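Here are a few friendly notes to read alongside the model. Take them one at a time and find each part on screen as you go.

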Amino acid sequence: MSLKTVYDSCKTWLKSLVIPIVVGIILHNTDIAKIPFSKFYPDEDSIGGVAFPLAQIPRGDAQRSRLEVVIVRQSIKPLTKINFFRRGTSDGMSTIFAGLAANSPGRATPLTGGLNGMSFLELDVPARTLGGTTVIFRSDQVAPARYVVTSGDVSKDLADPEDLVVQTKNEVRQMHVLYGFILLSLIAATFLVTRSQPLRHPSDENTDESQWV
Amino acid sequence: MGNVTIFAVFMVLIASLAISAWSSRSRRSNLIQNFLFEGNTPLLAISSCIGSIISMAVSFTALLSAGYLWGWQITFSMIAGGLAGLAAILTLSAHPAITQNAERVEQRSFISGVSYLAIFGSLESMPYYGFLMAAYTAMLITEMVVLRTFISFLSELPRFELLLLVGTVLLVCYAYVYIGGFRGVLVTDYFQLLVVFVFIGLWIASISQQPVAVHLPSPSESRIVFTAWTRVLLHAGCFAGGFAWTFANTDQWFRTYGTLKVTQARRVLITSALTMCAFSVVPVLAGAAVIGRPTISPAITNGISLVLVGNLLIHASVTLRFVFAMALTCAALTTLNTYLMTLQQLYYEASTRIDSKHYLHYLLINYPLKWKAVRGVVFLITVVAFVASCFFPDRYVYTFGVASLSMFVVILPFLGTALAELIAVSPRRWVRAAATSAAIKLAERRRLTLYISVVGWLLLLAAGRVLMGALTLHLYIIPATALAATATATLVTLSLRTPAWQGVLREPKDSI
């Protein structure tokens with residue numbers, strides 16, 4: 001290895017080290033990568049939220065000492081009726097709100113009973129739309145919230161806090177970017193791999209040199 | 001602002017694929033030995049050796065944790081081990097087998113392979129191929145788990161998408177190794193090292209603009225308490241790790257003595273060893289600097305590396321986060337492609353030497369080779385490694401990673417034999433006699449030495465686990481026990497009766 005080679009390698013590495021330092025110091029707090037990425041990922045899209053109009057269904061008195069919110073989303077049918085059950089005692093349930101993330105309260109029917117706990121509401125929920133209910137109790141001395149929703153024969157216990165995942169628009173975009181890049185890189189890799197020539201083995205060249213079978 | 005990690009990962013991935021495809025155009029022929037061993041230059045070798053050292057995620061993150069848990073006292077034994085390993089491997093350059101190999105390098109004749117197993121080995125060394133391939137598969141699994149952990153930390157992807165991303169990274173990495181061969185790996189390593197340097201440059205610029213108060217404790221101050229006995233184990237483990245990494249590193253050998261002229265290889269080895277010493281000190285000091293910091297939860301142990309990376313990025317600009325994700329991907333790719341290539345090189349060498357009389361050898365080795373599928377076999381290993389990594393518990397990753405790297409310690413008697421062969425020409429009669437006896441005994445009983453080392457190591461690890469508690473906290477036990485087991489195995493081999501004199505210590509390897 002000649003001194004020139006050492007010098008050349010050091011020169012390249014030093015360039016890659018020194019140039020970013022100089023550029024970084026010159027730019028100071030300027031965030032150059034933020035400009036293109038903010039076009040793709042607008043800052044406001046990193047916050048996700050939906051307006052939830054909840055209409056009051058009059059029931060009992062108006063004392064509000066405890067409030068429980070249940071949110072569901074379904075992909076069974078374009079529109080399906082979902083029944084809301086509350087397991088355990090339902091004493092003290094005073095007011096129920098229900099609504100959809102479609103700027104409308106939707107068609108809601110208050111109920112009074114159920115086979116397994118207290119069925120208190122039937123709500124028509126469109127697909128890809130958040131639907132939900134809020135229950136207000138007169139007293140906070142009620143059993144812990146354990147809710148079940150049913151739609152026809154389908155029954156779902158809402159016990160897992162990670163069961164309903166709502167993503168921000170940027171998170172959805174990130175997923176699209178991920179799948180797009182995966183597809184692109186796999187296509188590129190497949191294209192290049194299939195174009196590469198197969199390897200030849202020593203046995204193909206000279207049988208004297210080979211121990212290949 | 002959305003997460004920029006995905007863009008960074010795929011930019012590096014696609015660029016590496018393109019560079020490898022471009023570099024494959026200059027390959028002299030499509031002979032498998034040229035694909036596996038040709039295309040090295042001193043410049044690429046330096047980049048590749050340095051790249052694989054500084055970017056190996058396990059060593060980097062493990063060193064951060066090591067500095068925090070054990071204090072920066074370990075730098076002394078690590079550097080001492082590294083320099084001793086460097087002295088040993090430089091001494092080896094005088095071996096006639098290396099000179100013979102250099103002639104083959106000049107003639108670009110790589111048909112019989114170029115690893116130290118190929119240069120110094122015999123049929124007795126066959127199990128070492130299996131052992132090294134197992135070690136590299138284990139390193140591959142570890143690297144994937146570490147990559148998954150870091151990408152999860154940076155991108156917060158759900159588990160399925162995370163595994164899909166890691167699988168794609170691995171697949172594309174395999175594809176560019178498949179296309180570019182050894183040359184492709186070296187050229188992409190050069191590009192990837194430049195990206196890592198760009199990140200370091202930007203990071204230095206970033207921290208130079210804000211005051212950073214660094215308090216470095218005394219060298220022996222550590223997060224866990226050491227007794228005199230455990231401190232000896234700590235330094236023995238660090239010394240053994242540094243020594244074995246420099247002396248017995250198979251992929252480094254492929255890039256130096258294996259495929260370069262001796263003088264060039266020596267200079268590359270010196271540069272990379274000195275760089276290793278410098279770069280291993282930085283993460284250890286960074287880890288040690290946060291000992292006793294009130295913001296760090298006392299419950300954190302090895303996870304400190306993630307905490308420190310989090311601290312690094314918490315106030316970072318989008319540009320710095322983007323380049324960091326690029327550098328991290330480059331680091332992972334440098335290591336992954338090295339392992340994939342080394343597995344192919346080892347498999348090629350093993351397959352040309354295997355005794356094919358056994359039906360299992362025929363089924364597992366010769367039959368796939370009949371299809372000329374060296375790359376196919378390594379693809380299967382890669383798939384198995386990926387599946388294993390998907391189910392691998394994160395908490396054991398450091399233990400597993402350090403164990404896989406410590407396998408180099410077990411290789412030391414193999415290279416020790418070559419050193420003994422060199423000493424056997426000493427002018428002093430008793431030195432010559434002792435070295436000749438040692439060389440013959442070690443060369444003739446390589447399998448026995450390996451088997452005793454492995455069994456002894458497993459027993460000592462089990463004893464260490466029982467006596468000292470979780471190995472994840474006492475990672476230094478792993479190389480220390482490997483050293484103890486290997487030393488014991490060597491002593492056992494040396495204490496056995498000298499086999500009948502064979503006339504030569506080593507058979508020439510002009511043809512296979």
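1. The crossing of H17(B) and H20(B) is right-handed (the near helix is turned clockwise from the far one by less than a right angle). Helices here are DSSP runs of H or I with at least four residues, and strands are E runs of at least two, numbered from the N terminus. This is a predicted model: local features need pLDDT of at least 70, side-chain atom pairs count only at pLDDT 80 or more, and totals for chains, interfaces and linings use all residues. Residues are numbered from 1 along each chain as its sequence is written, with chains lettered from A and ligands numbered from 1 in the order in which they are written.

2. Helix H17 (residues 397-423) and helix H20 (residues 477-495) of chain B pack at about 25°, their axes 9 Å apart (axes are lines fitted to C-alpha atoms over the stretch in contact, and angles run from 0 to 180 degrees between N-to-C directions). H17(B) is therefore roughly parallel to H20(B), a label for angles under 35 degrees.

3. Now chain A: five strands form an open antiparallel sheet in the order S5-S6-S3-S8-S9 (strands pair if DSSP finds at least two bridges between them). Its edge strands are S5 (108-110) and S9 (154-157) of chain A.

4. S5(A) pairs with S6 (residues 118-126) of chain A over three bridges, in the antiparallel sense. Look for Ala108(A) opposite Leu123(A) in S6(A).

Notes:
Parallel < 35°, antiparallel > 145°, perpendicular 65-115°, else oblique.
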